[in-house]
Amino acid sequence: MSRLIVISNRVSAPTSHGAAGAQGGLSVALAAALREYRGIWFGWSGQQTESFTGHIDLQRNLGVTTATIDLEEQDVDEYYNGYANRTLWPLFHYRIDLAEYDRSFGSGYERVNHRFAETVAPLIEPDDLVWVHDYHLIPLGAQLREMGLTNRIGFFLHIPWPPARLLVSLPFHQRLVRSMLAYDLIGFHTEEWLDSFHHYVERELGGTVHPDGTIEVGDRRLKAAAFPIGIDHKEFVEAASSDTARAAHDRLLKSAEGKHIVIGVDRLDYSKGLAERFEGYRRFLEEHDNCRGQVFLLQIAPPSRGEVHTYEAIREDLDELSGRINGEFAEVDWVPIRYVNQGYPRAELAGFYRAAKIALVTPLRDGMNLVAKEYVAAQDPEDPGVLILSRFAGAALQLKDALLVNPYSKDEISDAIAKAMAMPREERIRRWKAMVESVRNEDVVWWRHAYVEALRGCGEGDGSPPAP
Ligand code: ADQ
């Protein structure tokens with residue numbers, strides 16, 4: 001069986017406390033895939049070096065081989081903090097107002113992709129499958145082809161693909177998208193992102209999309225399809241029934257003193273719609289004064305990407321907004337928002353999810369959103385909580401039995417909280433059963449098998465689909 005080479009911006013080596021530790025679900029899943037296919041996980045170490053040497057740090061932990069490189073400070077500024085997080089991330093989340101276009105970001109992005117390609121190419125054997133992840137590394141496949149690689153190379157985008165009308169605001173957008181034609185298989189989370197990609201290919205590149213998912217542009221043929229990512233359901237349910245989870249659950253419930261808990265868990269990012277969520281919750285408190293003192297919002301949001309100015313600004317805004325709402329409504333024995341800026345191990349999170357009667361997962365735009373699925377997985381089947389989910393999260397296409405809301409509308413968020421508070425147990429169980437079926441069946445193991453097998457099925461190296 002061919003090996004699998006996973007390439008992503010950061011590499012997360014498995015640790016012995018594994019799933020129950022601080023590792024994200026995706027890294028646990030990719031580590032499992034690498035063990036199964038005996039591969040290598042390549043990426044940036046997260047460390048900076050004076051000048052780029054191309055030195056590869058090879059390590060083997062718990063059956064997984066990782067290969068990491070250090071980057072120069074300028075690389076990190078231009079490629080990671082710059083083009084990836086100040087240009088592509090906002091643009092792909094429909095925030096063209098926040099997207100910054102700076103020539104140095106673009107050249108840094110291409111330079112680092114080239115560095116990745118040069119360093120990883122010698123590690124790749126002729127029949128390895130290569131799987132590139134996410135917006136940091138869009139042109140990597142084309143760079144690998146330039147180095148003569150004829151392997152099957154796939155790409156998976158973890159964030160939304162924006163509508164063509166927005167994408168054309170990116171300088172050199174055609175250059176970026178044309179570089180993707182070097183892949184054999186491009187994966188998105190949902191049909192919606194896939195449709196936007198098809199539209200761009202037809203409208204801007206004059207390509208053709210065939211009914212079987214084959215894309216043809218000039219003499220290039222490749223496949224693109226939707227593969228909705230899931231969580232490791234089995235592992236998460238185990239984590240949720242661990243002693244750590246039970247202790248976290250009991251600690252939170254005890255501190256709630258009988259009040260209903262509404263939970264939000266997100267990286268602190270403007271795409272997650274936290275300010276809009278707080279405003280929706282405030283509207284709920286305004287309109288339902290009988291519920292004041294009966295409920296509180298626990299928002300867990302560890303800061304991310306602190307080097308990027310917009311993230312500092314959003315942190316300040318949220319500190320101020322939560323403070324204002326608390327100042328406006330708090331009583332001597334009740335605070336409406338508990339706003340916590342730190343991360344928690346997965347098992348503890350699972351306990352918190354289970355203790356919460358309602359989850360508010362209201363991103364303004366999200367490729368998928370795994371928190372929504374984790375919340376569903378952690379519930380007590382006899383007395384499950386209610387998921388309030390943004391219709392603009394990829395997860396909304398699968399979790400149709402959540403209370404779907406427009407995250408920009410305070411009124412919709414407020415009404416949904418009121419409806420969730422009053423929802424009878426039978427209805428909660430009926431909705432939860434429908435959702436957990438999809439969370440269980442379309443889990444992360446299903447996702448990676450579906451993707452890897454589709455990649456394996458693509459034609460040898462040249463991007464043509466397999467012969468019928
Ligand atoms: P993210 O934007 O990071 O992922 P999400 O899918 O919700 O968003 O995943 C976040 C993960 O981090 C979850 O597993 C969650 O439990 C964990 N997490 C969040 N806050 C935490 C906290 N306070 N403590 C501990 N853990 C915390 C990107 C895309 C998503 C896409 C994923 C996977 O933006 O749309 O679903 O990749 O493809």
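Trainee: How many cavities of 30 Å³ or more does a search of the whole structure find?

Mentor: This is a predicted model, in which local features need pLDDT of at least 70 and side-chain atom pairs count only at pLDDT 80 or more, while totals for chains, interfaces and linings use all residues. Residues are numbered from 1 along each chain as its sequence is written, and side-chain values use heavy atoms, with hydrogens and water left out. A cavity is a set of points, on a 1 Å grid over the protein atoms alone, where a 1.4 Å probe fits but cannot get out, whereas a pocket is an open set with protein on both sides within 12 Å along at least five of seven lines; lining residues have an atom within 4 Å of a point. With a threshold of 30 Å³ or more, the search of the whole structure finds two.

Trainee: Which element gives the most to the lining of the largest cavity?

Mentor: The largest cavity holds about 40 Å³ of space, a volume being the space filled by probe spheres set on grid points that are joined across faces, edges and corners. Its lining consists of Gly-385, Val-386, Leu-387, Asp-401, Met-423, Arg-428, Arg-431, Trp-432 and Met-435. Strand 15 (386-390) and helix 15 (425-441) are the elements that give two or more residues to this lining, helices (H or I, at least four residues) and strands (E, at least two) being DSSP runs numbered from the N terminus. With four residues, the element that gives the most is helix 15.

Trainee: Which element supplies the largest share of the lining of the second largest pocket?

Mentor: The second largest pocket contains about 470 Å³ of space, and of its 18 lining residues Tyr-83, Gly-106, Glu-110, Phe-172 and Arg-175 lie nearest the centre. Two or more residues of that lining come from each of helix 3 (103-120), helix 4 (140-146) and helix 6 (173-180). The largest share amounts to six residues, and the element that supplies it is helix 3.

Trainee: Where is the place of Phe-172?

Mentor: Phe-172 is among the residues nearest the centre of the second largest pocket, and its phi is positive, at about 60°, although Phe-172 is not a glycine. In the chain, Phe-172 sits in the loop between helix 5 (164-167) and helix 6.

Trainee: Where is the place of Leu-62, and what is its phi?

Mentor: Leu-62 belongs to the loop between strand 3 (57-61) and strand 4 (64-72). Leu-62 is a residue other than glycine with a positive phi, and the value is near 45°.
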